[in-house]
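Student: I have a new structure to look at and would like to understand the terms used for it. Could we go through them together?

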Amino acid sequence: MAHAITVTVNGSTHRHEVEPRLLLVYYLREVLGLTGTHIGCDTTSCGACTIIMNGQAVKSCTLLAVQADGTQMLTVEGLAQNGALHPIQEGFWEEHGLQCGFCTPGMMLAAVQLLARNPNPTDDEIRHGLDGNLCRCTGYQHIVNSVKHAARTLADQRMPAIPTPRAAGAKTR
Amino acid sequence: MIPAPFEYHRASSVTEALQLLTTLPEAKLLAGGHSLLPMMKLRLVSPTHVVDLGRIEALRFIRRDGQVVVAGALATHWMVESSDVVRGAVPLLAETAAKIGDVQVRNAGTIGGSLAHADPAADYPAAILALDAQMVAQSPRGRRTIPAGEFFTGLFSTALASDEILVEVRIPVPSGATGSAYLKFAHPASGFAVVGVAAVITVDAQGRCADARVGVTGVGPAAYRPARVEAQLKGAALDDKTVGAAAEHAAEGVNVNEDLFASAEYRAHLARVFTKRAVLAAAQKAR
């Protein structure tokens, strides 16, 4: 039996009927069309599917869409505000924090979670904070540099690490 | 990987969840979902009914109640890890929570879910045993308290009855000159404990061991307290040689787990090494 859920993703509210076994990552990608959230390992290991739900980074491959009912979510598509890249996106750009880019959305969302809890992390703290995200290209040092770059920008601009995208009208498909 | 179809039921209270369990005795309980959903995706389990406890906010708390820290079953690992109450009163539990999985897993997984799932390689059971915690289970018959030492009964098995829900974990605050440590040999891919040892050591005025409680996870089908290690430590000097001799008994009488990563012999060796290190680290903090 399908269940009705209402979620707010990147400021937009959506209502859908979903099958209980639908995983959140498939809801985001296939129902909402937000394909920036990637499916890597599908076993809670790689972190490519990381999103922010009610202010907390979670792996959307290990949640049911019905569990997300009533929550506020942020995906990589919601990081940039008013056409301006979020400081974590700038950081990855400036510090060459990616090669193939597959892990990058999850890395960035795990990074903003880290920066929300610890605005001025050490290299070790960054590596610990990104423990749940795997990158198979860069060897991580450039990712660490990217997060430090973002930490500086966020401090300079006195911005919250986790943005609150502007509310848009409700959409149903 | 997609779970097999199931009926989803969301409980808004413990009472409602217990009613659902009574009418649907085959239902599985869902808390944070970080044990159950991976197993459902692999179709190791395919429940026909899932009762979601995740919205019972009354179970999502941590508080101090006199000389006891009480964690609601839905307290996430992150809540446990970051709680000032836990860090101040029972730092071993916060230290253990911080070593579970990764940040995202700790944001979603819950202490009650982890304990009720009783994975043989889970981290909490070692600390729960060493802290001599009490599990509070609720059923239509009322509430009862299960001591940690009686809770873990075997592989993925606990003393919880099929109509009971684990609602609280009560952790006595250690008294006296007590130190604690949780040391873990993490599987490099999964992060689960190949071996994890929690130690709570109380020292007397002479610096000798007044009390020792040790919890070992990852080694046997269920976490356990190595009785002979504890007995040998009590009253002993807490030096390298004495602790090492006691730790030799860490895997004694245990049907030691074996897998592709670690043979039984290797795991038993790690149990002895990590028991020695955890006891020495705890003793150091007790002084």
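Student: How many residues of domain 1 of chain A are in contact with domain 2 of chain A, and what makes them count?

Tutor: Two residues are in contact if their C-beta atoms, placed from the backbone, lie within 7 Å. By that rule, 15 residues of domain 1 of chain A are in contact with 12 residues of domain 2 of chain A. This is a predicted model, in which local features need pLDDT of at least 70 and side-chain atom pairs count only at pLDDT 80 or more, while totals for chains, interfaces and linings use all residues. Residues are numbered from 1 along each chain as its sequence is written, and chains are lettered from A and ligands numbered from 1 in the order in which they are written.

Student: Why are E3 and E4 of chain A called strands?

Tutor: Helices (H or I, at least four residues) and strands (E, at least two) are DSSP runs, numbered from the N terminus.

Student: How do you know where the two domains of chain A lie?

Tutor: The bounds come from an automatic or database domain assignment, which gives domain 1 as 3–78 + 163–172 and domain 2 as 87–157. Taken over C-alpha atoms, their centres are 21 Å apart.

Student: Which residues take part where chain B touches chain A?

Tutor: The contact takes 19 residues from chain B and 23 residues from chain A. On the chain B side, H6(B) has the largest share, five residues.
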